[in-house]
Amino acid sequence: MGFDVFLPESEDELMTLLMRENAKIMAGGTDLLVRIRAGRINPGKIISLSKIQGMNEITDVGDRIRVGCRVTHSMALNSNVLKEHSPIMLMALKEIGSPQIRNRGTIVGNVVNASPAGDSLIPLYLSNAKVVIHGPKGERKLPIEEFIKGPGKTALSMGEFVRAVEFEKSGSWHPLFYKVGQRTAMAIAIASLGLLIKGDNLRIAFGSVAPTVVRAYKAERYFKRSNGIITVMDEFMERCLEYVSPIDDIRASAWYRKEVIKNLLKSAFDFWRKKVL
């Protein structure tokens, strides 16, 4: 196993390098290097972003927040912009790995990795995130639900990279994030749930129970029609479970994942009944 390492100093140089076959971008490397050591991938070229300026900024852009592709989880956790305008993101980031992992791993890395267990993805789905893509043909933006195609699969084309992710501010919403793993720390999610509530508006998403993170839009519409007052939990849960299609794997069975989601939904129901209603 061997590969060449490149350190471009500009985005133009980066895109030129990406046109070469079998090249992988490295920001934090917390997932990439693990997969290389495990022999799951064997890239011929690693392109580090460490020398390109301006990629590690968190910017307030009106009603949205823009997070650059080199922003680490630790940087995000210390951001006053996110503390004020996206508490749901901070809830999720606190569940990621160890301090060492948070110091290296990036939010955009979570997006490009496209794992349904990515903790920061749930807040992005709930906040109607758009992925900012740069490439030889210029810039384009895709809703995160269109960008992530499946486990490890994205809409990136040859020569393109994710420059940033933009998402709505949600500081005025009541946030909740639950994650269940095989242990209480440094665990990949067996199942996770995030929600935002404001009045009779609800946004709810699940992780690790489908090929991608999923928003339960039918459940959200049901909540809206109910004027934010759910008296029959089973009807709401039924609409949520339409989006849940878990698999058996080394961490948990499909049956167990579905039972976990049911329990998390009951906890969420108790939360909004006590805190919001």
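This is a predicted model: local features need pLDDT of at least 70, side-chain atom pairs count only at pLDDT 80 or more; totals for chains, interfaces and linings use all residues.

User: Let's start with His134. Which side chain does the side chain of His134 make a polar contact with?

Analyst: His134 is found in strand 6, which covers residues 130-135. Leaving aside neighbours within four places in sequence, His134 is in contact with a list of residues including Met15, Gly159 and Phe161. The polar contact of its side chain, at 3.2 Å, is with the side chain of Glu11.

User: And is His134 buried or exposed?

Analyst: The cut-off that matters here is 20% relative accessible area, with buried meaning under that value. His134 comes out at 16%, so the label is buried.

User: Which residue forms a salt bridge with Glu11?

Analyst: The search of the whole structure finds twelve salt bridges, and Glu11 takes part in one of them, with the closest N and O atoms 2.6 Å apart. The contacts of His134 include both Glu11 and Arg163, once neighbours within four places in sequence are left aside. The salt-bridge partner of Glu11 is Arg163.

User: How many residues apart in sequence are the parts tied together by Glu11 and Arg163?

Analyst: Glu11 forms a salt bridge with Arg163. Glu11 sits in helix 1 and Arg163 in strand 10 (residues 161-168), so the pair ties together parts of the chain with a separation in sequence of 152 residues.

User: What is the relative accessible area of Arg163?

Analyst: Buried means under 20% relative accessible area. Arg163 falls in the buried class because its relative accessible area is 12%.

User: Moving on, which residue does Arg215 pair with in a salt bridge, and are the two buried or exposed?

Analyst: The partner of Arg215 is Glu220, and the closest N and O atoms of this salt bridge are 2.6 Å apart. Arg215 has a relative accessible area of 6%, so it counts as buried. Glu220 has 10% relative accessibility, so its class is also buried.

User: Where do Lys218 and Glu242 lie?

Analyst: These two form a salt bridge, with 2.8 Å between the closest N and O atoms. Since the pair ties together parts that are 24 residues apart in sequence, here are both places: Lys218 is in helix 10 (residues 217-225), and Glu242 is in the loop between helix 11 and helix 12 (254-275).

User: What about accessibility: which class do Lys218 and Glu242 fall into?

Analyst: Partly exposed is the range between under 20% (buried) and over 50% (exposed). Lys218 has 38% relative accessibility and so counts as partly exposed. Glu242, with a relative accessible area of 47%, is partly exposed.

User: Which residues are linked with Arg66 in a network of salt bridges?

Analyst: A salt bridge pairs Lys or Arg with Asp or Glu. The network that holds Arg66 also links Lys141 and Glu166.

User: Which residues of helix 11 are buried, and what arc do they cover?

Analyst: Helix 11 runs over residues 233-241, and its buried residues are Met233, Phe236, Met237, Cys240 and Leu241. They are on the same side of helix 11, because the arc they cover around the axis is only 135°.

User: Which exposed residues does the face of helix 11 turned away from its buried side carry?

Analyst: Buried means under 20% relative accessible area and exposed means over 50%. On the face of helix 11 turned away from the buried side, the exposed residues are Asp234 and Glu238.

User: What is the phi of Ala114?

Analyst: Ala114 is placed in the loop between helix 7 (107-113) and helix 8 (121-126). Its relative accessible area is 1%, so Ala114 is buried. Although Ala114 is not a glycine, its phi is positive, at about 55°.

User: And what is phi near for Asn128?

Analyst: Asn128 is found in the loop between helix 8 and strand 6. At 31% relative accessibility, the residue counts as partly exposed. Asn128 is a residue other than glycine, and its positive phi is near 50°.

User: Last one: which residues make the nonpolar surface patch with Leu7?

Analyst: Leu7 is in the loop between strand 1 (4-6) and helix 1 (11-18). With a relative accessible area of 39%, Leu7 is partly exposed. The patch is about 240 Å², and Leu7 makes it together with Phe3 and Val5.

Notes
Residues are numbered from 1 along each chain as its sequence is written. Side-chain values use heavy atoms; hydrogens and water are left out. Helices (H or I, at least four residues) and strands (E, at least two) are DSSP runs, numbered from the N terminus. Buried means under 20% relative accessible area, exposed over 50%, partly exposed in between (1.4 Å probe, protein chains only). A polar contact is a pair of N or O atoms within 3.5 Å; within protein, one must be able to donate a hydrogen and the other to accept it, and residues adjacent in sequence count only if both atoms are side-chain atoms. Contact means heavy atoms within 4.5 Å. Patches are made of residues with over 30% relative accessible area and no salt bridge: like charges are joined within 9 Å, nonpolar side chains (Val, Leu, Ile, Met, Phe, Trp, Tyr) within 5 Å. Accessible areas come from the Shrake-Rupley method with a 1.4 Å probe; for residues, only the protein chains shown count as cover. A salt bridge is a side-chain nitrogen of Lys or Arg within 4 Å of a carboxyl oxygen of Asp or Glu. The arc is that of the directions from the helix axis to the C-beta atoms.
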